[in-house]
Amino acid sequence: MHGSGLKITFMMMIKTRFPRCLVLVGAAAVLTACGSLAAAPEHSGSRHGAPMPPASLASRLDDPPSGGESASSGPGHGGGAQGGGLEGVPPSGGASASDGGQGASGAYRRWGLDRPLERPPAPPAVKPSLERSGPWGLPPIVRRVPTDQRVVFVTIDDGIEKDPRFVEQARDLGLPFTGFLTDNVIGTHYDYFDRLRRLGNSMENHTLTHPNLAGMAYDDQVREICGQRDNVWNHFGQQPRLFRPPFGEYDDSMLRAAAFCGVRTVVLWRAEMETHGLAYRSGGHLLPGDIVLAHFRGPEQLEGKSMTDMITELVRAIQAQGFTIGRLEDYV
Ligand SMILES: [Zn+2]
């Protein structure tokens, strides 16, 4: 309608015998406008045009649920990510996402795997319902997605390490994950995470400065959560709907602040990738639907191991237990 209105305007201009140069100037303006619209989002995702002001983001809260468990902080800090699926960018090996992103090329061998990452099962047509708790319709809290599928979800937190080889690895393996980003360790390097996002992975909210939000004043909680929501929107044109509280710590006030900032679901974890392997909150193995926490970490934090070493170990551990990796946003 926008375009047809312009067309009518030009036809009127021509019919009313506007000077030809004026018509040409008008046409140039339209081309310029169309060019900028087309160039802006390379990944449509949830982008709907220009960034929305915070007020309209808050008012678009479409899914306020409630949370229930009180999380004890993980060893490091919370944050994990999972979920990204490939949405149109072919893996580097020339394989398509449909063969696991690597089957034909064997690129998985480059990363020390003995087989490709198995393609995840089709996600449910309807997302599983998550238990909401509390009387205010606050966001649900999820550690494990309700599913019987042999699928787990990888989440990667913070953003301290920006290893360019991880971009290649994620692309080669067709690795779906969700990033939970903290502004003060990313600084001016959002472009790195945008490369990962453009592989089809979602980048979500992990606060501005990574504080323990439990017990903080509501206004400060809002500043941390809404502030990082705005950063994600401004850099990626994607409104974060998932939120991971640092250290997995939260209280009712934080859940209200999260709801105010447009958070749909609070994502915790049931397994965590540590320097020497997976650790579980209970039991000794993965369960269907487990959310796995990892971090953007490098040799300084991993006793000399690289980010890609850690990811290879994680994928091996997931494969060894008979699971593959799904895209979290398809389920929550
Ligand atoms: Zn964290």
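**Figure 1. Packing of helix α8 against helix α9.** In this predicted model, helix α8 (residues 218-236) packs on helix α9 (residues 252-260) at an angle of about 45°, their axes lying 9 Å apart. Axes are lines fitted to C-alpha atoms over the stretch in contact, and angles run from 0 to 180 degrees between N-to-C directions. α8 and α9 cross in a right-handed way, meaning that the near helix is turned clockwise from the far one by less than a right angle.

**Figure 2. Residues between α8 and α9.** Helix α8 contributes Y218, Q221, V222 and I225, and helix α9 contributes S253, M254, R256, A257, A258 and F260. Contact requires C-beta atoms, placed from the backbone, within 7 Å. Seven of these residues are nonpolar, two polar and one charged.

**Figure 3. Confidence along the chain.** The average pLDDT, the predictor's confidence in each residue from 0 to 100, is 77, and 67% of the residues score at least 70. Over residues 1-104 the pLDDT is below 50, although this stretch has 195 contacts in the model beyond near neighbours in sequence. Where pLDDT is low, predicted coordinates should not be read in detail.

**Figure 4. The protein overall.** There are 10 helices and 10 strands, taken as DSSP runs (H or I, at least four residues; E, at least two) numbered from the N terminus. Residue numbers start from 1 along each chain as its sequence is written. Local features need pLDDT of at least 70, side-chain atom pairs count only at 80 or more, and totals for chains, interfaces and linings use all residues.

Key: Contact = placed C-beta atoms within 7 Å. Nonpolar A, V, L, I, M, F, W, Y, C, P; charged D, E, K, R; others polar.
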